[in-house]
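Colleague: I would like to learn how to read a model like this one feature by feature, with the general idea first and the particular case after it. Could we go through it together?

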Amino acid sequence: MTFKALLASKTGDTVSTSLVDFENEDLRPGDVTVAVEYSTVNYKDAMALSGRSPVIRQFPLIPGIDFAGVVESSTYPGLVAGDRVLATGWGLSQTHHGGFAQKARVSGDWLVKIPEVFSTRDAMAIGTAGFTAMLSVLALEHGGLTPELGDILVTGANGGAGSVAIALLSGLGYRVIASTGRLDEAAYLRALGAADVIDRHTLSEPGAPISKERWAGAIDSVGSHTLANVLAQTRYRGVVAAFGLAQGADLPASVLPFILRNVTLAGIDSVNAPQPVRLQAWSRLASDLDLDKLARTTKVIGLAEVPEVASQVLAGKVQGRTIVDVNA
């Protein structure tokens, strides 16, 4: 039986994609087969499809680092046909066929049952980006931050993870400062809960190793000079959660924020997060995320539109979350 899939191939250094009819028997091994309903376009997906980063390690491969759908068949304990499930990270779009297809076969260890309050579409409106945002909020809380301790900065605020982070933090009572290069979209960020919006260029250039204290914590998706400046302006005993490299993978910073202000830099990895952490994060998303705010962040496309949207993501032209309806 065939199904539609977006297949990535590589010739030389060039990665290309094509919409193909894929065979069930050509799926990779796994003990659960899922009828996929939705996926998303994340920054990592855009990097994979562009070939800028070696995300995809085996070609040809179906990309897409996450998906949500309904179990079609299972030999995995605790999962049966009809269960609504999601997958984020693990080997998807790296060594294992991913979510840009109408079917997926994976290990049951990779799957999380979707909380009752979410539809499969909601689950992918959150997706990897929203899951990463929740992991970042958990890291701030683990470091002892509470709303009374001061503002929280969110960089890359117009992106998927930034948008969900603002919605989560504001809902939890934090005063959020959003950093963006698109000040004309400040109304969108304020609707999500940002109390203040600043120009990203105030953070993106080389700065002093330590500066005036401005925020109690931050969630950063940018890296490089931006992260260095965020750390330099974090208050005493503040916490910064970092997961992105939109500006660069370097960190041209000093140890001064760490040894003079006792600042904590918490790295966030969503790909290999252990199952108990995933369950905690999705439980918190179910209780803490305002679905009306989530709806403001989303638009829906079909499989054929994924490559074009991915290029727009890299150009910084996409706001919020892009859901892929694989059956559209």
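Colleague: Which residues are exposed on the other side of H7?

Modeller: Pro276 and Ser287 are exposed there, where exposed means over 50% relative accessible area, buried under 20% and partly exposed in between, with a 1.4 Å probe and protein chains only. Before going further, note that this is a predicted model, in which local features need pLDDT of at least 70 and side-chain atom pairs count only at pLDDT 80 or more, while totals for chains, interfaces and linings use all residues. Residues are numbered from 1 along each chain as its sequence is written, and side-chain values use heavy atoms, with hydrogens and water left out.

Colleague: Which residues of H7 are buried?

Modeller: They are Arg278, Ala281, Trp282, Arg284, Leu285 and Asp288. Seen down the helix axis, the buried residues of H7 fall within an arc of 160 degrees, so they line one face of the helix; the arc is that of the directions from the axis to the C-beta atoms. The cover over the buried residues of H7 includes strand S5 (84–88), strand S7 (111–113), helix H2 (120–142) and helix H3 (160–171), contact being taken as heavy atoms within 4.5 Å. The labels come from DSSP runs, numbered from the N terminus, with helices (H or I) of at least four residues and strands (E) of at least two.

Colleague: What span should helix H7 have, and how far apart are its end C-alpha atoms?

Modeller: The expected span of a helix is 1.5 Å times one less than its number of residues. For the 14 residues of H7 (residues 275–288) that gives 20 Å, and the end C-alpha atoms are 20 Å apart, which agrees.

Colleague: How is a pair of aromatic rings described, and how many does a search of the whole structure find?

Modeller: A pair is described by the distance of the centres and the angle of the planes. Rings of Phe, Tyr and Trp (its six-membered ring) pair if their centres lie within 6.5 Å, and planes under 30 degrees apart count as stacked, over 60 as edge-to-face and the rest as tilted. The search finds 4 aromatic pairs. One of them is stacked, namely tryptophan 90 with tryptophan 110, at 6.5 Å centre to centre and 10 degrees between the planes. Tryptophan 90 lies in the loop between S5 and S6 and tryptophan 110 in the loop between S6 and S7, so this pair ties together parts that are 20 residues apart in sequence. Phenylalanine 131 and tryptophan 282 have ring centres 6.2 Å apart and planes at 10 degrees, so that pair is stacked. It links distant parts of the chain, with phenylalanine 131 in helix H2 and tryptophan 282 in helix H7, 151 residues apart. Phenylalanine 131 is buried at 0% relative accessibility, tryptophan 282 is buried at 2%, and Phe118 forms one aromatic cluster with Phe131 and Trp282.

Colleague: Which way do the side chains of S9 point?

Modeller: In a regular strand the side chains alternate between the two faces of the sheet. Here Val176, Ala178 and Thr180 point one way from S9, whereas Ile177 and Ser179 point the other way, and all are buried. With 5 of the 5 residues of strand S9 (residues 176–180) buried, the strand is largely enclosed by the rest of the structure.

Colleague: How many bridges join S8 to S9, and how many join S9 to strand S10?

Modeller: Two strands pair if DSSP finds at least two bridges between them. S8 and S9 run parallel and are joined by 3 bridges, and valine 154 has alanine 178 in S9 as its bridge partner. The chain crosses from S8 through H3 to S9 in a right-handed β-α-β crossover, a term that applies if, with the strands pointing away from the viewer, the path from the first strand over the helix to the second runs clockwise. S9 and strand S10 (residues 194–199) also run parallel, joined by 5 bridges, and serine 179 stands opposite isoleucine 198 in S10. The β-α-β crossover from S9 through helix H4 (residues 186–192) to S10 is right-handed.

Colleague: Where is the cis peptide bond next to proline 60?

Modeller: Most residues other than glycine have a negative phi, and most peptide bonds are trans. A cis bond joins phenylalanine 59 and proline 60, with omega about -10 degrees, and proline 60 is found in the loop between helix H1 (43–50) and strand S4 (66–74).
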